[in-house]
Amino acid sequence: MKVALIITTYNWKEALQAVLDSVKRQSELPDEVIIADDGSRADTAELIQSYQAQFPCPLIHSWQPDDGFQLAMSRNRAMAKSQADYIIMIDGDIVMSPDFIRSHKQAAKLGYFVQGGRVLANNDISQQIMHQQVVPNLFSPGIKNRHNCISSAWLSKLCSYERNNDASTRGCNMAFWRADLIEVNGFNEDFVGWGREDSEFVHRMLNSSKKRLYLKFAGVGYHLYHDESSRASLAKNDEILENTVRQKLTRCENGIDKFLDEKS
């Protein structure tokens with residue numbers, strides 16, 4: 001099973017650097033890492049280039065012009081570049097614990113996609129994570145959801161469970177089979193601006209008879225503190241989500257298929 005790690009980013013190279021460093025600390029590496037860049041400045045490209053020469057696995061920079069918040073498009077563009085069997089997707093502010101990739105690979109099962117959790121870091125410990133390579137633990141100050149720090153294969157097998165709804169959906173820590181992604185046509189690019197694209201994707205996956213595994217005590221990610229994104233597009237995005245739920249859609253029209261034949 002070949003695994004791709006997709007990392008979304010936009011103009012926060014300090015966080016991206018910490019995430020890339022956490023890739024290098026993995027007990028088991030992905031087969032490739034693809035940065036889904038929604039129009040960052042040149043300094044992000046320079047950072048990625050500085051890592052590419054000495055990175056422990058292929059590191060690909062997928063960039064699109066900055067034309068507003070188009071997360072769904074940047075994800076689709078990046079994932080279309082991969083031929084991996086399985087895709088693990090995180091945000092560029094999720095610093096991974098050393099067994100992150102390994103635990104996601106162990107959780108992968110045909111017919112399922114996986115929702116992971118996160119540990120919320122306040123600004124102080126986020127700065128330590130980024131600039132001092134601190135890895136929080138269960139007893140670290142400045143974190144919330146601290147039980148999510150626990151990484152245990154035994155506990156994960158015991159406590160992970162099927163949860164076939166969109167509750168607690170977090171695109172910042174999610175994994176799925178590439179074939180299933182293509183079946184539902186990826187993420188819906190009608191979503192522009194923050195909000196609901198992850199939940200809408202989950203509904204199409206569920207409507208396509210895929211099951212959702214809620215991963216506990218594995219796939220540990222530390223979410224760096226930042227200000228919230230604008231909610232200005234939320235009303236429009238809610239309408240798109242509600243339409244998918246109401247019509248029980250299994251596929252979006254404006255999705256990944258347009259990128260699948262691109263060579264670069």
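A residue counts as buried when its relative accessible area is under 20%. Keep that cut-off in mind as you move through this predicted model.

Start by selecting Phe187. Its relative accessible area is 0%, so Phe187 is buried. Colour by secondary structure and you will find Phe187 in the loop between helix H7 (178–183) and helix H8 (197–207), with Phe201 in helix H8, so the pair ties together parts that are 14 residues apart in sequence. Bring in Phe176 as well: ring pairs link Phe176, Phe187 and Phe201 into a cluster. Then show Arg75, whose charged end sits over the ring of Phe187, 4.7 Å from the ring centre.

For another charge over a ring, go to Lys109. The charged end of Lys109 sits over the ring of Tyr112, 4.4 Å from its centre.

Select Leu5, Ile7 and Val33, the residues with the most contacts inside the largest nonpolar core, which has 45 residues. Helix H1 (residues 13–24) gives this core its largest share, 6 residues. Apart from it lies another core, of 24 residues, including Met79, Ile87, Leu181 and Val184.

Finish at Ser168, in the loop between strand E9 (161–162) and strand E10 (173–177). Ser168 counts as partly exposed, at 32% relative accessibility. Beyond residues up to four places away in sequence, Ser168 touches Gln115, Arg163, Arg212 and Tyr214. Ser168 and Tyr214 are 46 residues apart in sequence, yet 9.3 Å apart in space, C-alpha to C-alpha.

Conventions: Residues numbered from 1 in each chain as written. Predicted model: local features only at pLDDT ≥ 70, side-chain atom pairs only at ≥ 80, totals over all residues. Heavy atoms only, no water. Helix = DSSP H or I, 4+ residues; strand = E, 2+ residues; numbered from the N terminus. Buried < 20%, exposed > 50% of the residue type's maximum accessible area, 1.4 Å probe, protein only. Contact = heavy atoms within 4.5 Å. Core = buried A, V, L, I, M, F, W, Y, C linked by side-chain atoms within 4.5 Å. Phe/Tyr/Trp six-rings, centres within 6.5 Å; stacked < 30°, edge-to-face > 60°. Lys NZ or Arg CZ within 6 Å of the ring centre and 35° of its normal.
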